[in-house]
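Visitor: I am new to this structure and would like to learn how to read its side-chain features. Could we go through them one by one?

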Amino acid sequence: MADELSGFWGPVTSTTDWCEQNYARSPYIAEFYNTISNAPGILLAFIGLVIALRQRFEKRFSVLHISNMILAIGSMLFHATLHRVQQQCDETPMVWEMLLYIYILYSPDWHYRSTMPTFLFIYGAAFAIVHSKIRFEIGFKVHYVVLCLICIPRMYKYYIYTEDQSAKKLAKLYLITLLLASICWLCDRLCCKEMYNWNFNPQGHALWHIFLGFNAYFANTFLMYCRAKQRNWSPKVVHLMGFFPYVKIQKPKAQ
């Protein structure tokens, strides 16, 4: 939330200032909780990357986990500075990440393999250029929601054709964390003035980051299971220490 406090990074130049008092915890971090709340997402994406590499999944999943890390790091830079340039480091990777999800979800049934990645690459590059020149706050949110909605029908198709209950549970966890994250985001945006007068701030946007970190991990793990099933890699969902889910596969020797 904009206020008279100023810190290391100077005045706010981003188009959005969230419901957290600026520089309240540190003169070097504009929004302390919104910044550090990206750490779980980075850690979860790193764990997913290690699993993808050890299990020798396709490179698309390694890239997906890396994109999750880049997005979380960009978000940290944005909330730490509240500068326009760093805002681009947050918002542009958000769109790129959704384009990557669209590719992973729809490419298995795409007849012309080169057309989809080419189109999505050009689209992502064009968006980055336009978004760097034009400030459109509401337009960006609408655009991002549309990209998310494009993914949902395919996710639902994968869900209904999945028989393994452990894998279906991953999809349910994906949906639950997405709903919780959305509620936290809406409360932070719509009820900010009321919450600012409370004795404590529930930090709705920070909770949004945390839930989305888990949401991305559950989504990626579910998609890894579905892809392994398509490739006949005998996937199964196992749990590290009886809690942390990941996909274990067994490739045929020929692969």
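**Reading side-chain contacts**

Guide: The side chain of Glu-58 meets that of Arg-60 in a salt bridge, with N to O at 3.9 Å. The model is a predicted one.

Visitor: Why can such side chains pair?

Guide: Side chains of opposite charge can pair when their charged atoms come close. In this case the limit is 4 Å between a side-chain nitrogen of Lys or Arg and a carboxyl oxygen of Asp or Glu, so 3.9 Å counts.

Visitor: How many salt bridges does the structure hold?

Guide: There are three salt bridges. Besides the one with Arg-60, Glu-58 forms a salt bridge with Arg-227, where the closest N and O atoms are 2.7 Å apart. That pair links distant parts of the chain: Glu-58 is in the loop between helix H2 (39-54) and helix H3 (59-81), while Arg-227 is in helix H9 (residues 204-230), 169 residues apart. Arg-231 and Glu-58 also meet through their side chains, at 2.9 Å, N to O. Here too distant parts of the chain are linked, since Arg-231 is in the loop between H9 and strand E1 (236-240), 173 residues apart from Glu-58. Together, Glu-58, Arg-60, Arg-227 and Arg-231 are linked in a network of salt bridges.

Visitor: What should I look for in a pair of aromatic rings?

Guide: Look at the distance between the ring centres and the angle between the planes. The structure holds 13 aromatic pairs. One of them joins Phe-127 and Phe-140: the centres are 6.3 Å apart, and with 35 degrees between the planes the pair is tilted. Phe-127 is in helix H5 (residues 115-133) and Phe-140 in helix H6 (residues 137-160), 13 residues apart, and the pair links distant parts of the chain. Phe-127 counts as buried at 8% relative accessibility, and Phe-140 is buried at 5%.

Visitor: How are the planes of Tyr-217 and Phe-218 placed?

Guide: Their planes stand at 70 degrees, with the centres 6.2 Å apart, so the pair is edge-to-face. Both Tyr-217 and Phe-218 are buried. Ring pairs also link Phe-214, Tyr-217, Phe-218 and Phe-244 into a cluster.

Visitor: Which rings have a Lys over the face?

Guide: For a charge over a ring, check where the charged atom sits relative to the ring centre. Lys-168 lies over the face of Tyr-159, at 3.8 Å from the ring centre. Lys-251 lies over the face of Trp-233, at 4.4 Å from the ring centre.

Visitor: Which residues form a nonpolar patch on the surface?

Guide: The patch is made of Ile-138, Val-142, Val-146 and Ile-150, which together have about 340 Å² of accessible area. Val-142 is in helix H6, and its relative accessible area of 48% makes Val-142 partly exposed.

Visitor: What lies 3.1 Å from the backbone nitrogen of Tyr-28?

Guide: A polar atom of the side chain of Ser-26 lies at that distance. Ser-26 is placed in the segment before helix H1 (32-36). At 14% relative accessibility, Ser-26 counts as buried.

Technical notes: Residues numbered from 1 in each chain as written. Predicted model: local features only at pLDDT ≥ 70, side-chain atom pairs only at ≥ 80, totals over all residues. Heavy atoms only, no water. Phe/Tyr/Trp six-rings, centres within 6.5 Å; stacked < 30°, edge-to-face > 60°. Helix = DSSP H or I, 4+ residues; strand = E, 2+ residues; numbered from the N terminus. Buried < 20%, exposed > 50% of the residue type's maximum accessible area, 1.4 Å probe, protein only. Lys NZ or Arg CZ within 6 Å of the ring centre and 35° of its normal. Patch = residues over 30% accessible without salt bridge, like charges linked within 9 Å, V, L, I, M, F, W, Y side chains within 5 Å. Areas by Shrake-Rupley, 256 points an atom, 1.4 Å probe, with all protein chains shown as cover. Polar contact = N/O pair within 3.5 Å; in protein donor to acceptor, adjacent residues only side chain to side chain.
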